Each structure stands twice: as C-alpha cells, then as structure tokens.
Amino acid sequence: AFYMRDNEYAQELSALVKELAKYFKNTLLPKDDEVLGIDRPKVEDGEDGEAPPNVVVNGREISDSRAALYRKLDMLTPEIEGMCCIPTKFNWKVGKPRKQSKKAAEADAEIDADADAASGESDEMAI
C-alpha cells in the first residue's frame, strides 16, 4: 500500500486501477458461478438442508456466493481508490443486463429454429 501512495507514476497507477476494474466488470464477473468456481456445492440425496435462496441484485437473481464476492469488492473499493495519489474510481460493478432489441430477439429465434431443424434432420437420417 505504501508503494501505491508514494509512487512517481501516479497517472500510470490510476490507469492500472481503472483497467483492473474494467477487467472485473467486463470479463471476469459476467462469467457463470461455475466457471468462477463459486457455485454452490451440490446437495446429495439423503442430506438434510436445502440450497440457500438466491439474492436479487440489479434485478438479477444471483447466488449467495456471488453476493458475498460483491460485498467483499464493495468493502475493498474505498481502500483501492484511496491507495492512489490522484482521485481514481474502481468501478467494478456489473450493470443491469440490457433488454434485447426486437430485431436481435428475432435473429436469435431464427438461429434456434435453424438449429432445431438441423437436429431434426439428423434424427430422421439416423432412423
């Protein structure tokens, strides 16, 4: 932490913090819990207990593990921002998912229909 406050390259350090936040926001956090290794352990048959309920953040339902990760990042944000000599924002938060345009939804539906038709053709050929 001392190095970050007593650094001759404040602009570069600020840019590094911004790039780190950008990586969290756009690359790491949009991935599934399973990919990140924070998915829930599976409840085996015969074990007592249920999986804990999911938490809603920005209108999206997220797992309790992801919610804990978000809380930890919230706690670290002021510390990371305070380490830089110049004002720097550590904007890691993933925003609300955007609504898909009607045109994009139609294109996705067409792709799904083509995939279904292709899988149906292969089933018929196998018979």
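Modeller: Happy to! Let me start with Asp74, which counts as partly exposed at 36% relative accessibility (buried is under 20% relative accessible area, exposed over 50%, partly exposed in between, with a 1.4 Å probe and protein chains only). Please keep in mind that this is a predicted model, where local features need pLDDT of at least 70, side-chain atom pairs count only at pLDDT 80 or more, and totals for chains, interfaces and linings use all residues. Residues are numbered from 1 along each chain as its sequence is written, and side-chain values use heavy atoms, leaving out hydrogens and water.

Asp74 forms a salt bridge with Lys93, their closest N and O atoms being 3.4 Å apart; the term means a side-chain nitrogen of Lys or Arg within 4 Å of a carboxyl oxygen of Asp or Glu. Lys93 lies in the loop between α4 and α5 (102-126) and Asp74 in helix α4, so the pair ties together parts 19 residues apart in sequence. Helices (H or I, at least four residues) and strands (E, at least two) are DSSP runs numbered from the N terminus. Lys93 is partly exposed too, with a relative accessible area of 44%.

By this rule there are two salt bridges. In the other, Asp33 pairs with Arg66, the closest N and O atoms being 2.7 Å apart. This pair links distant parts of the chain, 33 residues apart: Asp33 in helix α3 (residues 33-36) and Arg66 in helix α4 (residues 64-83). Asp33 counts as buried at 15% relative accessibility, and Arg66 is buried with a relative accessible area of 3%.
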